Amino acid sequence: MDGKGNIAPVFTEPDKYLIYMVDNLETEPENTFHMMGTVMHKKQ
């Protein structure tokens with residue numbers, strides 16, 4: 001992109017998606033702050 005904002009769907013296919021956010025991807029989850037959850041995207 002050219003540095004400008006873009007509005008677009010994040011999920012395009014119906015499925016179950018894992019969302020994983022962490023302070024440091026280079027370590028085990030128990031050694032850093034992390035959040036994990038799932039999102040279910042259904043066909044509309």
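This report covers the overall layout of one protein chain and then a few of its residues.

## Model and conventions

The model is predicted: local features need pLDDT of at least 70, side-chain atom pairs count only at pLDDT 80 or more, and totals for chains, interfaces and linings use all residues. Residues are numbered from 1 along each chain as its sequence is written, and side-chain values use heavy atoms, with hydrogens and water left out.

## Overall layout

The protein chain has zero helices and two strands. Both terms refer to DSSP runs numbered from the N terminus, with helices being H or I of at least four residues and strands being E of at least two. Along its principal axes, the C-alpha trace spans about 40 × 30 × 10 Å.

Of the 44 residues in the chain, 2% are buried. Buried stands for under 20% relative accessible area, exposed for over 50%, and partly exposed for values in between, with a 1.4 Å probe and protein chains only. Among contacts between residues at least 6 apart in sequence, 31% join residues at least 24 apart; a contact means heavy atoms within 4.5 Å.

## The aromatic pair and F11

There is one aromatic pair by the ring rule used here. It is formed by F11 and Y17 and is tilted, at 4.4 Å centre to centre with 35 degrees between the planes. The rule pairs rings of Phe, Tyr and Trp (its six-membered ring) if their centres lie within 6.5 Å; planes under 30 degrees apart count as stacked, over 60 as edge-to-face and the rest as tilted.

F11 is found in the segment before β1. Leaving aside residues up to four places away in sequence, F11 touches Y17, I19, V39 and H41. F11 counts as partly exposed because its relative accessibility is 24%, and Y17 is partly exposed with a relative accessible area of 22%. F11 and F33 are 22 residues apart along the chain, and their C-alpha atoms are separated by 25 Å.

## Other residues before β1

K4 also belongs to the segment before β1, a strand that covers 15-22. K4 is exposed, at 59% relative accessible area. From K4 to Y20 there are 16 residues in sequence and 25 Å in space, C-alpha to C-alpha.

E13 lies in the segment before β1 and counts as exposed at 53% relative accessibility. E13 and M40 are 27 residues apart along the chain, with 10 Å between their C-alpha atoms.

## M21 in strand β1

M21 is part of strand β1. With 46% relative accessibility, M21 counts as partly exposed. Not counting residues up to four places away in sequence, M21 touches F33, H34 and M35. M21 and K42 are 21 residues apart in sequence, and 23 Å separates them C-alpha to C-alpha.
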